[in-house]
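Please look through the model below before reading on. The numbered points that follow are a short note on its overall make-up, its surface and its side-chain contacts.

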Amino acid sequence: MAENTPVKAEKPKKKGPSLGERLNRWFRETRSEMKKVVWSPWKQVKTNTWVVIVSIVIVSAFIGLFDAGLAALIGLIIK
């Protein structure tokens, strides 16, 4: 005997917002968040930039000298 089983209807897949809608939302939220940012004065930005550049040069020189010293030491050990 064949059973009368109800055929389950497939549920329609929920489609999310389109790419355009998602991008539009992202830009709106980004603009809203950017309005909340407290920007530093230009003079402070320039000063901080120079501090970072000088720090990078000093640390790079230290690492370069340290590397050259270790290379020379290893060269002496290998000989």
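1. Phe66 is exposed, at 52% relative accessibility; here buried means under 20% relative accessible area, exposed over 50% and partly exposed in between (1.4 Å probe, protein chains only). This is a predicted model, in which local features need pLDDT of at least 70 and side-chain atom pairs count only at pLDDT 80 or more, while totals for chains, interfaces and linings use all residues. Residues are numbered from 1 along each chain as its sequence is written, and side-chain values use heavy atoms, with hydrogens and water left out.

2. The chain has 2 helices and 0 strands. Helices (H or I, at least four residues) and strands (E, at least two) are DSSP runs numbered from the N terminus. Of the 79 residues, 0% count as buried.

3. The accessible surface of the chain is about 8,500 Å², and 67% of that belongs to carbon and sulfur atoms. Such areas come from the Shrake-Rupley method with a 1.4 Å probe; for residues, only the protein chains shown count as cover.

4. Phe66 also takes part in an aromatic pair with Phe62, which is stacked, with 6.2 Å centre to centre and 15° between the planes. Rings of Phe, Tyr and Trp (its six-membered ring) pair if their centres lie within 6.5 Å; planes under 30 degrees apart count as stacked, over 60 as edge-to-face and the rest as tilted. Both residues lie in helix α2 (residues 42-78), 4 residues apart, about one turn of the helix. Phe62 is exposed as well, with a relative accessible area of 58%.

5. How many aromatic pairs are found in the whole structure? The search gives 2. Trp26 and Phe27 form an edge-to-face pair, 4.9 Å centre to centre with 75° between the planes. Trp26 is partly exposed, at 48% relative accessibility.

6. Phe62 and Phe66 belong to a nonpolar surface patch of about 970 Å², whose members include Val59, Leu70 and Ile78. Patches are made of residues with over 30% relative accessible area and no salt bridge; like charges are joined within 9 Å, nonpolar side chains (Val, Leu, Ile, Met, Phe, Trp, Tyr) within 5 Å. Ile78 is in helix α2 and is exposed, at 69% relative accessibility.

7. The whole structure holds 2 salt bridges, each a side-chain nitrogen of Lys or Arg within 4 Å of a carboxyl oxygen of Asp or Glu. Glu29 bridges to Arg25, with the closest N and O atoms 2.9 Å apart. These two residues are 4 apart in helix α1 (residues 19-36), about one helical turn.

8. Lys36 and Glu33 form a salt bridge at 3.2 Å, N to O. Lys36 is exposed, at 56%, whereas Glu33 is partly exposed, at 45%.
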